[in-house]
Amino acid sequence: MTETTRLAAQSLAVWEEWNGMGVADRRVLLTAWADNVEQRGGVFETAAQMIRFHLQHAEALLEPVHDMPGPTGETNELYTAGRGLFLITGDDSLSLTALAGQLTATLVAGNCALVAVPAALRHDTDALLADLVKASVSHRLVLTIELNDVDSALADAPLCGVAAVASDALLIEMNRTLAARDGVLVQFVAENNADLLPIVASPTYLLRFITERTRTINITAVGGNATLLELGSGEH
């Protein structure tokens with residue numbers, strides 16, 4: 001077992017509990033994270049603003065449960081959930097603010113993550129993740145790997161998605177590696193404008209990190225569905 005595989009397994013081990021908390025409870029913890037980050041001042045204040053930006057939109061986009069009544073009386077609820085393990089990475093253009101946006105979208109949507117950043121950003125990344133743990137989030141939910149291990153993670157790790165801020169050339173290379181994988185397609189959330197962040201700073205960025213689920217509750221009487229089907233058969 002490689003180190004990346006081991007870390008991926010650790011993160012996935014706490015994912016289901018995190019995903020099962022629901023958006024509202026995750027927002028509470030991540031808001032505390034933003035408070036911790038903001039207290040550091042400097043570039044961390046802008047990172048905290050990015051965290052709050054996505055949490056605000058999560059309340060409107062991800063938190064509501066949509067009721068879709070069924071034709072036979074059951075209730076059908078449509079809601080969002082996380083996909084699983086995301087790899088969050090970038091090249092030397094990756095900023096702390098962009099990383100905060102990637103992380104927030106990943107976590108509030110209900111995912112866990114592996115993070116690989118350039119050496120120049122590693123110290124600030126460690127501080128960002130330390131503040132996340134201080135907010136009572138499991139230290140295993142987001143784990144760091146070396147940038148040199150990104151290629152092997154793209155090829156073999158049990159990923160459901162990748163979020164990257166990088167040059168066009170590197171993004172294309174990463175996308176080709178993901179396309180060559182066997183099995184389920186991996187969601188690729190790519191940002192090539194590290195200055196303006198039109199993708200990462202989009203209000204709907206969160207929607208790239210979710211999946212949709214339905215919950216059906218049959219509230220009809222026993223045999224009710226069969227009776228309705230019989231009445232609709234035209235034989236009475």
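Analyst: One term to begin with: contact means heavy atoms within 4.5 Å. The model is a predicted one.

User: Which residues does Leu103 touch, not counting residues up to four places away in sequence?

Analyst: Leu103 is among the residues that touch the most other members of the largest nonpolar core, a set of 73 residues. Helix H5 (residues 96–108) gives the most to this core, with eight residues. Leaving out residues up to four places away in sequence, Leu103 touches Trp33, Ile88, Val115, Leu128, Leu129 and Val142.

User: How many of the residues of strand S6 are buried?

Analyst: Strand S6 covers residues 161–165. Gly161, Ala163 and Val165 point one way from S6, and Val162 and Ala164 the other way. Residues on both sides are buried. The number of buried residues in S6 is five of five.

User: Which residue in S6 is the bridge partner of Phe86?

Analyst: Strand S3 (residues 85–90) and S6 run parallel. Five bridges join them. For Phe86, the partner in S6 is Gly161.

User: How is the pair of Phe86 and Phe209 classed?

Analyst: A search of the whole structure finds two aromatic pairs. In one of them, the ring centres of Phe86 and Phe209 lie 4.9 Å apart, with the planes at 35°. Planes under 30 degrees apart would count as stacked, and over 60 as edge-to-face. The angle falls between these limits, so the pair of Phe86 and Phe209 is tilted.

User: How far apart in the chain are Phe86 and Phe209?

Analyst: Phe86 is in strand S3, while Phe209 is in the loop between S7 and strand S8 (210–217). Phe86 is buried, at a relative accessible area of 0%. Phe209 is buried as well, also at 0%. The pair links distant parts of the chain, 123 residues apart.

User: Which residues form the aromatic cluster?

Analyst: The rings of Tyr205 and Phe209 have their centres 5.0 Å apart and their planes at 70°, so this pair is edge-to-face. Tyr205 and Phe209 are both buried. Phe209 also pairs with Phe86. The one cluster is formed by Phe86, Tyr205 and Phe209.

Note on methods:
Residues are numbered from 1 along each chain as its sequence is written. This is a predicted model: local features need pLDDT of at least 70, side-chain atom pairs count only at pLDDT 80 or more; totals for chains, interfaces and linings use all residues. Side-chain values use heavy atoms; hydrogens and water are left out. Buried means under 20% relative accessible area, exposed over 50%, partly exposed in between (1.4 Å probe, protein chains only). Helices (H or I, at least four residues) and strands (E, at least two) are DSSP runs, numbered from the N terminus. Two strands pair if DSSP finds at least two bridges between them. A nonpolar core is a set of buried Ala, Val, Leu, Ile, Met, Phe, Trp, Tyr and Cys residues joined through side-chain atoms within 4.5 Å. Rings of Phe, Tyr and Trp (its six-membered ring) pair if their centres lie within 6.5 Å; planes under 30 degrees apart count as stacked, over 60 as edge-to-face and the rest as tilted.
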